[in-house]
Amino acid sequence: MELRKTTRLSMLLAISIILNLLENLFPFFNGMIPGLKLGLANIVVLFVLYHFSIKEALLISILRVFLMGFISIGIFSITFWFSLGGALLSILMMYLAKKITSLSIIGVSIIGSISHSFGQILIAIIILNQTAMLYYLPWLLLFSIPTGIMVGLFSQILVKHFENS
Amino acid sequence: MNKNDIFLVLIIIVIAFVSLFFLINKEEGTEVVAYYEDKKVLTVPLEVDNKYIINGYLGEVQIEIKNNRVRVLEENSPRHLCSNQGWISKSYESIICLPNKVIINIENNSELDAIVK
């Protein structure tokens, strides 16, 4: 990997971790629906997916989950597997949405937000063998619209800004 | 945002409301059932005010039943999502303490309901 790219990706990784930590420090929707969050780190993932490719997006995401594991959520803890499941499924779905549909970056962002919830609930069902959390799904779906649009708009601005660099 | 994005948003809203309609049954729950992993560890009536302790993955999870509602009073978890969630009282609601692998459901103990579900 050329030096310029390595440096950029490292900075983007750092930014995604800061966004993640900030979000955990100030839980926006605390007490409403467990697991509901803005998904700010997805701004970075979306940007990387559009500016570079799925390979870099996967790299950044997986490293972020592992580093978050060391910093705050605990490596290989239950929360760790949730984050990993959500992150992997959302990147895969965003990649497919970008590739085979004509959705804009905002639509792709909403897909990412939804599949993040799906991924987490899937892991919960696997680990706990309980389907109770499916009850949260409709609410998570509804909230994924405003949060997905917001994240998508931010990423759109970033992608445009760095188009020629 | 293009046309397809708006179409996507509309589909999501429809799916969300349809699934809400199916998930929420208006039945009042009659008992509180707590699970650790997938094992039932506590079954108590919702009418009786009391406090109970469940052994979770990270330590004790204390629950309180009062006025036909249940909440998690105290637990050991990184972000305390389940104690912040507050009271639940309907049969479709549940409190899920993922770090503790504990789930608290409100269930209906009549045989018929079990079959319908």
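Okay, let's start with the link between B:C82 and B:C97: at 105° about the S-S bond, it's right-handed. The two sulfurs sit 2.3 Å apart, and a disulfide here means a pair of cysteine sulfur atoms within 2.5 Å. There's 1 disulfide over all chains. It ties together distant parts of the chain, 15 residues apart, with B:C82 in helix α2 (residues 81-84) of chain B and B:C97 in strand β6 (residues 94-97) of chain B. Helices are DSSP runs of H or I, at least four residues, strands are E runs, at least two, and both are numbered from the N terminus.

Quick note: this is a predicted model, where local features need pLDDT of at least 70 and side-chain atom pairs count only at pLDDT 80 or more, while totals for chains, interfaces and linings use all residues. Residues count from 1 along each chain as written, chains are lettered from A and ligands numbered from 1 in written order, and side-chain values use heavy atoms, without hydrogens or water.

Are those cysteines buried or exposed? Both B:C82 and B:C97 are buried, with buried being under 20% relative accessible area, exposed over 50%, and partly exposed in between (1.4 Å probe, protein chains only).

Now the largest nonpolar core, with 42 residues; A:L12, A:V48, A:I60, A:I110 and B:I12 touch the most other members. Such a core joins buried Ala, Val, Leu, Ile, Met, Phe, Trp, Tyr and Cys through side-chain atoms within 4.5 Å. Its largest share, 7 residues, comes from α2(A).

Last, A:F70 lies in helix α3 (residues 54-73) of chain A, and A:F70 is exposed, at 61% relative accessible area.
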